[in-house]
2 protein chains.
Amino acid sequence: MGSATIFFWLQLPNVTKSYRTALTITGIVTLIATYHYIRIFNSWSEAFTVASKDGGDYEVKLTGAPFNDGYRYVDWLLTVPLLLIELILVMKLPQAETVSLSWKLGLASALMVALGYPGEIQEDLSVRWFWWCLSMIPFCYVVFTLAVGLAEATSKQPSPAAASLASAARYLTVFSWLTYPFVYMVKSVGLAGPAATMYEQVGYSIADVMAKAVFGVLIWALAAEKSAVEESGKLLPN
Amino acid sequence: MGSATIFFWLQLPNVTKSYRTALTITGIVTLIATYHYIRIFNSWSEAFTVASKDGGDYEVKLTGAPFNDGYRYVDWLLTVPLLLIELILVMKLPQAETVSLSWKLGLASALMVALGYPGEIQEDLSVRWFWWCLSMIPFCYVVFTLAVGLAEATSKQPSPAAASLASAARYLTVFSWLTYPFVYMVKSVGLAGPAATMYEQVGYSIADVMAKAVFGVLIWALAAEKSAVEESGKLLPN
């Protein structure tokens, strides 16, 4: 995540001014994630000890300090609206549409994260499902808006390469986002204890790398391609 | 590793725009390695204590905390595909070939690292050899593609100096990569205990410095040479 931030920011001079705000935000998203993953790493390390047993095997024990998954939700509350805004900005829509889409998708995605948290910290399965369902309402709204609403914007990209990158970014968002509700369900379908917690953490981490760093690389590639097209004067009328 | 990162990034303004992405990634590879070597260092320190005995000698004891070699494999999973991509980018092949080679070599090398890990954490010699053999399949594919497939690209470099640097980078990759399977075998040929672990760590560390920092210097020299040729207008038709 940290390396992705440095990559995006070092690439700022290589794109035209129109795309620098999108690329700056792309780097901020992975920077915020870097910070929270350090907190998650430390919280995880403090929650467990590993010691050698007789016979050379290792034994993992709880230290009593709680593993705090709240860092993840604070991270999402900040980064999820930002990464939708970076996608909207790199599309270079008319200004009024950029502002209105940023507000709608930004607020809906923040609401989605906020509604997921009360269920995440619950052991009671019915309460977990209740908040999961509530959170899925803004989730479906965002994914639907991206999949359908931005399809038109994709078709207006200035070159075939740009259109295919925009399309890839849109689908990567939908695909990586769909992993989160499934990972959330790991504990809701009856899996419990250390194994469930481990699957959940691995699942969220992979989804985060896809949705932030890999997605950011697509945003950068799109910004670079559109910059090259604009600089060569081949920009089609928008 | 950290110094190499700073060197590569400070050199960014000294190469033309075409090579800045390659040089940025070169610095990211050594940055990721810096991070993981700090983790490896700390894990090693926590696994052993050194105390003085009667007679002025020192005694090394296990603390019970395990030495985690997983950091090395996470490092390789990220850096090995990236350093192949930096080599492909600095060759400046046609765009379609760059994208297709990056995917093929990137995925094959990640698979190679992933297949090596299950054997690395095994004491059982036959299991170690099994994963070693599996991991050697993508290894051979990558090394063969570099040694043969990129030979043609090397011959198309824009100056004799650039061609000889490209050739050196290609051979350094093949040579430094060949060290890894031999180091992996240290424990598979019957050596065990502290001595084997020490030889393995020293071997991997030397190979890493060659494959990342020294290799990066060659990438930088090649980018600088090609920038100079392009700026003096002597670029041959590609």
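Biologist: What is the make-up of residues 129-150 of chain A, and how far apart are the end C-alpha atoms?

Modeller: Over residues 129-150 of chain A the chain is 100% helix and 0% strand, with 30 Å between the end C-alpha atoms. Helices are DSSP runs of H or I with at least four residues, and strands are runs of E with at least two, numbered from the N terminus. This is a predicted model, in which local features need pLDDT of at least 70, side-chain atom pairs count only at pLDDT 80 or more, and totals for chains, interfaces and linings use all residues. Residues are numbered from 1 along each chain as its sequence is written, chains are lettered from A and ligands numbered from 1 in the order in which they are written, and side-chain values use heavy atoms, without hydrogens and water.

Biologist: Why are α3(A) and α7(A) called roughly parallel?

Modeller: Helix α3 (residues 70-91) and helix α7 (residues 193-231) of chain A pack at about 25°, their axes 11 Å apart. Angles under 35 degrees count as roughly parallel, and α3(A) and α7(A) are therefore roughly parallel to each other.

Biologist: Which residues of α3(A) and α7(A) meet?

Modeller: Contact means heavy atoms within 4.5 Å. Among them are A:W76 and A:L83 in α3(A), and A:F215 and A:I219 in α7(A).

Biologist: How many residues of chain A are there, and what share is buried?

Modeller: Chain A has 238 residues, and 47% of them are buried, meaning under 20% relative accessible area with a 1.4 Å probe, protein chains only.

Biologist: How many helices and strands does chain A have?

Modeller: Chain A has seven helices and two strands.

Definitions and conventions:
Axes are lines fitted to C-alpha atoms, for helices over the stretch in contact, and angles run from 0 to 180 degrees between N-to-C directions. Angles under 35 degrees count as roughly parallel, over 145 as roughly antiparallel, 65 to 115 as roughly perpendicular and the rest as oblique. Buried means under 20% relative accessible area, exposed over 50%, partly exposed in between (1.4 Å probe, protein chains only).
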